[in-house]
Amino acid sequence: MIMKSFLQGLLTKDPRQRLSWPDLLHHPFIAGRVTIITEPGGSDLGTPFTSHLPPELQVLKEQQVHRLAPKGNRSRILRLACKRMAEEAKRKKHQNTGPALEQEDRTSKMASGTAPLPRLRATPQEPGLIAGILASEMKSSWAEWGAGETPPAPRENQITQDCEQADPELRPEVVGQQSIDAVDLENEEPDSDDEWQHLLKTGEPVPIQLKAPLTLLCNPDFCQRIQGQLHEAGGQILKDVPEDASHILPALRVLSSLLSSCSDSVPLYSFCREAGLPGLLLSLLRHSQESNSIQQQCWYGTFLRDLMAVIQAYFACTFNLERSQTGDSLQVFQEAANLFLDQLGKLLAQPDDSKQTLRRDSLMCFTVLCEAMDGNSWTVSKAFYSSLLTTQRAVLDGLLHGLTVPQLSFHTPPGAPQVSQPLREQSEDLPGAMSSALAAICTAPVGLPSCWDAKEQISRHLANQLSEDSNQLRPSLISGLQHPILCLHLLKVLYSCCHISERLCHLLGQEPLALESLLMLVQGKVKVVDWEESTEVALYLLSLLVLQLQDLPPGMEKLGNEIATLFTHSHIVSLVSAAACLLGQLGQQGVTFDLQPVEWIAAASHALSAPAEVRLIPPGCCGFYDGLLILLLQLLTQPGKGSLLRDVADSEIWTVLWHRFSMALRLPEEVSPQEEEPSLSRPQSPEPDWTLISPQGMAALLSLAVATFTQEPQLCLSHLSQRGSILMSTLKHLLSPSFLRQLGRAPQGAEFLPVVVLSVCQLLCFPFALDVDADLFRGVLADFVDSEVAAHLLQVCCHHLPLPQVELPVSLLTRLALTDLTSLNQFVNTVAASPRTVISFLSVALLGDQPLLTSDLLSLLAHTARVLSPSHLSFIQELLAGSDESYRPLRSLLGHPEHSVRARTYGLLGHLLQHSMALRGALQSQAGLLNLLLLGLGDKDPAVRRSASFAVGNAAYQAGPLGPALAAAVPGMTQLLEDPQAGIRRNAVSALGNLGPEGLGAELLQYQVPQRLLEMACGDPQLNVKEAALIALRSLRQEPCIHQVLVSLGASERLAMLSLGNQLLVHSSPRPASARHCRKLIHLLRPTHST
């Protein structure tokens, strides 16, 4: 199925839906199996890409094509055509009178599969210019049509005999109007320009398709002549001199084709500026509406149609977009748009119906103008759409009025005479154009967020009018939902307005006709032109109603199985996605529907692997796949679905799902460490495609992954242990600072960012929570280290997560730092890179009301102080001292109600006191701080007592000026010598040994410390305690008074007995380390060493 979806994506006819570069690299069928050559490997090896030719080379290419095209003095096709037309004319001359011949002249048609040829006349001033240009352009087109390609259809309104009477030179001979259907076009040679020009002069006008527009623009002669003809004929119209003014028509047709077909905006805009466009066009439009003499001309209708076509083509040009503007083109475009809106507002405000065609064409042009505004910057689009509510309010009012006035009945009543289809379509052209224009100004385009705010204001205005009971707009729109032409546009209007107004959602939920029309449309009972897109919008509108109302409108409770059938049986990906969105909403409201796992798994796999055509933003600013992901989460997390969850995790859909997710994220290509560039030159990660998967969809997918891996934890390990796996690459990317910044800026991104981060952390915690093979764990840990997960976790906590949600990331960070030295260095380097930000976060987190968070941070800081050099510890000292250096944070932590926090604080102090002279000075100078330290010696919790004795012992080591103050620690330490915990006794013994050299011999003798240490050295059941006692006695004996006491106690004899006992253990067990200290102490206690 993966190969089938890959081929289907490559062979899709629509280029917008076709699987293209570089997205195809992420398709599951070839992902990871294609090597991209980024640089040529040799002189005969090119890059895998091609580039467009520069303009000058493109011109040379087109000139070469025309130069090499075969020429002929007189072709066989023209001889046969003329011969047959002459025979036809001769035959009909004997059958018809003059009037009949005239009628034949009017109604003769071209051969089947061909189009009428355009007829042109050159002005006396411009001999053969336009005709010659069109002849050379149409020549290659007719050659293609002769080879089997269908030519463009003729224009609807052609220049008639009235126009020929006004301009006799445009009237063809009878022989030129005859059929050439019997001529074989397959094997004929191309004709000469003169021959084609003859045919062009005798045919009907058709839309011009220029083959080499860039060549024409680079031809100064062409530019000057076409501009001259525009100005001359346009000036005659502006001066109300209609004679010969119709000569502007062929120029307008060439200009329309030129604007539509040329993609190089620089020469095209230069040509328009020199030709006075678009000012001349808009002036002609305005004057033609004001001049009665122009309106009375026979060519007036054709002139307006061609003029509107040129204006529409101008608005569609790329140089009107800010990203590709040329010179002052954007400013000119905005001015032209305002002038056009002025004319459109006046036109829509006119009460008569005599200009329906012009209104229709103007509204179509307005729709194109809206599309151009949608692609522009926020400033440009906001100014345009805001004007529709202020200075150009007449346009919006005219559109709304046009949809509320009585129109041709959408549904013919029973017994009424049937209206012919052509008449119906002609009458509905204008309402269709109005509904299309109204949809264009309020529908938010996919992937173009710069105009969303401005269009939201339009939608809010429309929603307010639709919510008024006295306004006829809502009934008019609802009655058109079953109209074959208007349905899609009206659905888009209602959908946009319901996004803004909850009140409108309630009103639509109470409208029986509206719900009936939507349900019938979903069920396929309404025949509309764009059934696929209309059904998609209807499904999204129903989803939006359920979402906004948090309830089911009447009749929807019975719709579950029909939507489920559409979801499982439709091959249209957009419909599957929209149906999944509605099913998810129905499921949350308790609606049951029959979905067989085999069917919905196949449907979901197809929807995820096939190319997606995103035409509408789903409800709630969701992504295209969000509804599908939410539905999968609902289906797989229901009680009793454990086996189904395992089946899905082992199936193809699981792989397809993560590959589609990676494509939406636009993951950067993995590079090896040797190829990796410095971070300063590394390009920024591309913005994720939020139209495919929004932050809400990401949260749903990650929640599904957590549920799946909780059920199948070994599956998670197999994915994480694969170097460069799609899952591991995705999770690492989701924690990167660049992605989190993008996520925070996305619609609803700040709301779902914590869910995304916490879900990623849960998935990364699996290797630490399971019994993992050592080699496997080292591989996973190496991947974490290479991806700088530790640094990213700290940045996430500092910049993106609220304090109550940082507990899990900090816990994972602590695990990584305690396990791997490189991760610990990443943590310290991140602190050094942003000390103010990180220290501020750590300060708040340490003093918060989350004991587990505080404990993890204290463990992380203590490990940092224990492992790294003192040069990295200044930030810890700053944390404990506080901004005012009053050590309020340290005092608060030492007095914390949770014993785990107090224990870790004392442990941190113990490691810091090994190196920090500043902290020793603070214990001496800060009132009450030393007492808090000593208070821990008597704590009820053994962990606190152990950490406190460790801290006091390190404070006593080379205490310096702090030494005398530590005399207060002797009573507490002496009591700890009897503690049942061996670790506490060992720490107390070591601390008392450190106090001896600080001149505290008298205090130690007062509490009989030498006697008790000697007893512990000889009789404590723990060897490590014995060893610590011997080391402490060696330190204390340096004090003369203590030395004398030890001698008087017979320490040498008792220690000798201890040494003898150690020697007896040599043959049965390893010799204890205390034996060496014992012999050394005996040696030191000899009289020769007495002081």
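Me: How many aromatic pairs does the count come to?

Reply: The count comes to 18 aromatic pairs. Rings of Phe, Tyr and Trp (its six-membered ring) pair if their centres lie within 6.5 Å; planes under 30 degrees apart are stacked, over 60 edge-to-face, and the rest tilted. This is a predicted model: local features need pLDDT of at least 70, side-chain atom pairs count only at pLDDT 80 or more, and totals for chains, interfaces and linings use all residues. Residues are numbered from 1 along each chain as its sequence is written, and side-chain values use heavy atoms, with hydrogens and water left out.

Me: Why is the pair of W654 and F709 called edge-to-face?

Reply: The ring centres are 5.8 Å apart, and the cut-off is within 6.5 Å. The planes stand at 85°, and edge-to-face needs over 60. So W654 and F709 form an edge-to-face pair.

Me: What makes this pair a tie between parts that are 55 residues apart in sequence?

Reply: W654 lies in helix 31 and F709 in helix 32, so the pair ties those parts together. Helices here are DSSP runs (H or I, at least four residues), numbered from the N terminus.

Me: Why do W654 and F709 count as buried?

Reply: Buried means under 20% relative accessible area, exposed over 50%, partly exposed in between (1.4 Å probe, protein chains only). W654 has 3% and F709 has 0%. Both therefore count as buried.

Me: What makes the pair of W658 and F661 tilted?

Reply: The centres are 5.9 Å apart, with 55° between the planes. W658 and F661 are three residues apart in helix 31, so about one helical turn separates them. W658, at 2%, is buried. F661, at 0%, is buried too.

Me: Which residues do ring pairs link into a cluster?

Reply: The cluster holds Y269, Y314, F315, F319, F333 and F340.

Me: How do you know that the buried residues of helix 30 line one face?

Reply: In helix 30 (residues 642-649), the buried residues are L644, L645, V648 and A649. Seen down the axis, they fall within an arc of 135°, so they line one face. The arc is taken from the directions from the helix axis to the C-beta atoms.

Me: Why is D530 called partly exposed?

Reply: Its relative accessible area is 39%. That falls between 20% and 50%, so D530 is partly exposed. D530 lies in the loop between helix 24 (512-522) and helix 25 (531-549).

Key: Helices (H or I, at least four residues) and strands (E, at least two) are DSSP runs, numbered from the N terminus.
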